Amino acid sequence: MNITFRWYGEDNDTVKLEQIRQIPGVKGIVWALHQKPVGEVWEKKEIKETVDYIQSFGFHTDVVESVNVHEAIKLGNDERANYIEKYKETIRNLAESGVKVICYNFMPIFDWTRSEMFYPLEDGSTALFYEKEKIERLDPEELIRTVASSSNLTLPGWEPEKLAHISELFQAYKDVDEEKLWNNLAFFLREILPVAEECNIKMAIHPDDPPWSIFGLPRIITGEKSYEKLLSISKSSANAFTLCTGSMGANRDNNMIKIAEKYGNRCPFSHIRNVGIYDNGSFVETSHYTRDGSINIQGVVEALHKQNYQGYVRPDHGRHIWGEVCRPGYGLYDRALGIMYLLGLWDAYEAKKEEG
């Protein structure tokens, strides 16, 4: 298990690399060029500058999250060929700097959705919250205002240049159902996977967050059947998954232990976090501690340990604790606690294995 920590950049994150290096066990930084417009080529020079800076602190830079997919590719319109060629060039440029895994998603318009960014919890901390009934009756424009006002830092998937055209985007997706979205994903993968395979890079698709349709938009990476369908598109070694217990696990029908057991070897990258799921389908993000939420984090880590999992793991979202002011879900303190919990579980399973 290769522990990593997501970081948004030198001038784009409240957390500093000097602080991350003080968390025991962290080997790598999960990074991206967050200031780049979606669809533009990541140039070699700017990649190298970021990689060199991160590595100067002793971290590896093997994982990028995310090289976002342009809406033209998801829509399958006349502009997609141009953006796919740019995506291929970015893959090649990242490979030159030693990147091994690219995390991406194929969610229309919104990469992730929450109704509240700083929902108060009983212990005095706050966390990301998804109120199902509120989202179902909410106007997308109001949701955009809620998210945009939560931070003056970049929020991946909520790029202002894209959201400024929200009405046009919804109109464009009017005729795109799940089948068409799958077809557009298949077209994209058949184009990029040979390049990724040639570059020895794993393309690890992230599950939809949440794993069901919102605002009438199709969602397709939602559970085990999605993984099977993805594998049917291409058996390429570059065609991989990002295991995200909090995203896929928000649907109680998804047994994350069984999914980890079955697909762990196809997941070079894992996001391990917990959520508390309410009876009405709403969910709130909790600490990583198994008993605090609805996901059996103990069981997921055990399933990965039994496979001698060598993939990259990050603690994913955390609560906002101890008065920390940070990007929603991405403070230092609770994610550091999450890492120590994951390492504690792993060490316990290692000791148990040695005892025979």
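Asn105 is located in the loop that runs between β4 (101-104) and β5 (116-120), helices (H or I, at least four residues) and strands (E, at least two) being DSSP runs numbered from the N terminus. The model is a predicted one, in which local features need pLDDT of at least 70 and side-chain atom pairs count only at pLDDT 80 or more, while totals for chains, interfaces and linings use all residues. Residues are numbered from 1 along each chain as its sequence is written, and side-chain values use heavy atoms, with hydrogens and water left out.

Asn105 counts as buried because its relative accessibility is 8%; buried means under 20% relative accessible area, exposed over 50%, and partly exposed in between (1.4 Å probe, protein chains only). The side chain of Asn105 reaches the backbone nitrogen of Met107 at 3.1 Å, and a polar contact of 3.2 Å joins it to the side chain of Asp111. A polar contact is a pair of N or O atoms within 3.5 Å; within protein, one must be able to donate a hydrogen and the other to accept it, and residues adjacent in sequence count only if both atoms are side-chain atoms. When residues up to four places away in sequence are not counted, the residues touched by Asn105 include Lys74 and His206, contact meaning heavy atoms within 4.5 Å.

Lys74 also takes part in a salt bridge with Glu71 (3.3 Å, N to O), defined as a side-chain nitrogen of Lys or Arg within 4 Å of a carboxyl oxygen of Asp or Glu. Both residues lie in helix α3 (residues 71-75), three residues apart, and both are buried. The structure holds 21 salt bridges. Another of these joins the side chains of Lys36 and Glu46 at 2.9 Å, N to O. This pair links distant parts of the chain, with Lys36 in the loop between β2 (28-30) and α2 (44-55) and Glu46 in helix α2. Lys36 counts as partly exposed at 22% relative accessibility, as does Glu46 at 23%.

In helix α10 (residues 224-233), Ser226, Tyr227, Leu230, Leu231 and Ile233 are buried. Seen down the axis of α10, these residues fall within an arc of 150°, so they line one face of the helix; the arc is that of the directions from the helix axis to the C-beta atoms. The face turned away from the buried side carries the exposed residues Lys225 and Ser232. The buried residues of α10 pack against several elements, among them α9 (178-198) and β8 (239-244).
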